[in-house]
Amino acid sequence: MRVTTGDGRELRVEWVGDPQGSPVFLLHGMPGSRVGPRPRGMVLYQRRTRLISYDRPGYGGSGRQRGRSVVDGVKDVVAVADALGVGRFAVVGRSAGAPHALACAALLPERVTRAAAMVGLAPRDADGLDWYAGMAGSNVADFRAAAVDPEGFARMLIPRSAEIRSDPARLIELLRAELTDDDLRVVSDLGMRSMLLRTYGEAVRRSPYGWIDDALALARPWGFEPAAIRVPVLLWHGRRDVFSPASHMEWLAGRIPGALAVLEPAAAHFAALRALPEVLRWLVDGDEGGAGGRRARAA
């Protein structure tokens, strides 16, 4: 379906699972799209969950929003929820979607029941955090370029996006040298790989600007303070993550009141795809025992 925002943009939206189930927004990674990796519809139906996803501006079938910030995504989530007749809902974001999920938790306490941020980043201006420490060289180069030379970053990403549009598997190949053994196991699974290639292809199908604008938004202030969040939050991370280092999760855990931090010692970035079903269970059922990982105290 398509939803028109208050400023006239169009968002491409879809949902799967039980139409009468607990609504949960799934906010995709970078690059990503509404068709990103997720549990099968029958599994969601059995768990009485309605999983809602949409293409962030510039991705897939959604129109671009120039100069958007992380906090701008909150209005889009509200527009989609209102169009679907959803009042209160949970929200989970993976990777680049994680800060957007936290923005919803901060700004929509009257509507968000619970929020989860999986393998996410801390704000670029996070006080006391060495933001690039432990981060893969490709991400360091991209985020530094996005922060100091946005136009140059866009020129760099346009041909990369065209490569992936032609062959979505190219993105996995570009990352292969930096993938941990755990990540390689995940992306080598035929089912996971198929879902990843589908979301990458849809992400850049029409333009590179969803990807470009996501990176620029993450390189700027988010527009809200994580410390302002008052709804229950789960932070899920892999200790071996080199794309979003675990130190980012630890920084967030030390600032979000009452946050539950789950750290998988042997997991890396793509392990979030395996953990998603348990995180959804926490969001819907309110299981205080965690989400299939080891509870960690923030450093």
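Predicted model: local features only at pLDDT ≥ 70, side-chain atom pairs only at ≥ 80, totals over all residues.
Me: Why is the pair of Trp131 and Phe143 called edge-to-face?
Reply: Look at the two values. The ring centres are 5.2 Å apart, and the planes stand at 85°. Rings pair if their centres lie within 6.5 Å, and planes over 60 degrees apart count as edge-to-face. Both conditions hold, so the pair is edge-to-face.

Me: What makes this a link between distant parts of the chain?
Reply: Trp131 sits in the loop between strand 6 (112–118) and helix 4 (137–148). Phe143 belongs to helix 4.

Me: Why does Phe143 count as buried?
Reply: Apply the cut-off of 20% again. Phe143 has 5% relative accessibility, so it counts as buried.

Me: How many aromatic pairs does a search of the whole structure find?
Reply: The search finds four. One of them joins Trp131 and Tyr132.

Me: What makes the pair of Trp131 and Tyr132 edge-to-face?
Reply: The distance is 5.3 Å centre to centre, and the angle between the planes is 90°.

Me: What links Trp131, Tyr132 and Phe143 into a cluster?
Reply: Ring pairs do.

Me: How do you know that the charged end of Arg144 sits over the ring of Tyr132?
Reply: The distance to the ring centre is 4.5 Å. The distance limit is within 6 Å, and the charge must also lie within 35 degrees of the ring normal. Arg144 is listed as sitting over the ring of Tyr132.

Me: Which residue lies over the face of Trp15?
Reply: Arg50 does, at 4.4 Å from the ring centre. The limit here is also within 6 Å.

Me: What classes of residue make up the lining of the largest cavity?
Reply: Nine are nonpolar, seven are polar and three are charged.

Me: Which helix gives the largest share of that lining?
Reply: Helix 11 does, with three residues. Strand 3 (22–27) and helix 8 (190–203) each supply at least two.

Conventions. Residues numbered from 1 in each chain as written. Heavy atoms only, no water. Helix = DSSP H or I, 4+ residues; strand = E, 2+ residues; numbered from the N terminus. Nonpolar A, V, L, I, M, F, W, Y, C, P; charged D, E, K, R; others polar. Phe/Tyr/Trp six-rings, centres within 6.5 Å; stacked < 30°, edge-to-face > 60°. Buried < 20%, exposed > 50% of the residue type's maximum accessible area, 1.4 Å probe, protein only.
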